[in-house]
Amino acid sequence: MFFLKTILLFLQDEQYRDLLITTAIILLIGTVSYHYLEGWGYVDSLYFSMVTLTTIGYGDFTPQTDEGKIFTVLYIIVGIGVILNFINTIQQHYAKMKYNEKKHFLTSRKAENSNHKKREN
């Protein structure tokens, strides 16, 4: 539930939403390009785009055409910064939400203890 709440809040922020759209466009460009340049299916093309830009690089797919190889070099230069920025932003947002939730919990617990002590006196 916390994760879903975090995603919904993430999408309500204009800057986060723009970053999400940019990331989706970068992945879409890679998917369509690999589909046509290498003749791969859309799922394989999306998979390769994601694996490449997240720097995982399993090596199970590699471009075989010169056009695909040149595109990959340019795609990495343009896309890796966007993808890593997106991943970093999600992590920071999630950490901030978790911190705020913990802070709220501790504050409410402190207030409960204070009220309990007042009733005892």
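This is a short chat about a predicted model and some of its side chains.

Me: What should I know about the model and the numbering before starting?
Reply: The model is predicted, so local features need pLDDT of at least 70 and side-chain atom pairs count only at pLDDT 80 or more, while totals for chains, interfaces and linings use all residues. Residues are numbered from 1 along each chain as its sequence is written, and side-chain values use heavy atoms, with hydrogens and water left out.

Me: Which residues make up the largest nonpolar core?
Reply: That core has 10 residues: I26, L27, Y34, W40, F48, L53, F71, Y75, V82 and I83. A nonpolar core is a set of buried Ala, Val, Leu, Ile, Met, Phe, Trp, Tyr and Cys residues joined through side-chain atoms within 4.5 Å. Buried means under 20% relative accessible area, exposed over 50%, and partly exposed in between (1.4 Å probe, protein chains only).

Me: And which element gives the most to this core?
Reply: α4 does, with 4 residues. Helices here are DSSP runs (H or I, at least four residues), numbered from the N terminus.

Me: What does F48 touch?
Reply: Leaving aside neighbours within four places in sequence, F48 is in contact with Y34, W40, F61, T62, P63 and T72. Contact means heavy atoms within 4.5 Å.

Me: How many aromatic pairs are there in the whole structure?
Reply: A search finds 9. Rings of Phe, Tyr and Trp (its six-membered ring) pair if their centres lie within 6.5 Å; planes under 30 degrees apart count as stacked, over 60 as edge-to-face and the rest as tilted.

Me: Why is the pair of Y34 and W40 called stacked?
Reply: Because the ring centres of Y34 and W40 are 5.6 Å apart and their planes are at 25°. Y34 and W40 are both buried.

Me: Which residues form the aromatic cluster?
Reply: Y34, W40, Y47, F48, Y58, F61, F71 and Y75 form one cluster.

Me: Changing topic, how many salt bridges turn up?
Reply: The whole structure has 1, where a salt bridge is a side-chain nitrogen of Lys or Arg within 4 Å of a carboxyl oxygen of Asp or Glu. The side chains of E101 and K98 form it, at 3.8 Å from N to O.

Me: Where do E101 and K98 sit?
Reply: Both are in helix α4, 3 residues apart, about one turn of the helix. E101 is partly exposed at 36% relative accessible area, and K98 is partly exposed at 39%.

Me: Last one: is T31 buried or exposed?
Reply: T31 is buried, with a relative accessible area of 7%. T31 lies in helix α2 (residues 14-38).

How values were computed: Helix = DSSP H or I, 4+ residues; strand = E, 2+ residues; numbered from the N terminus.
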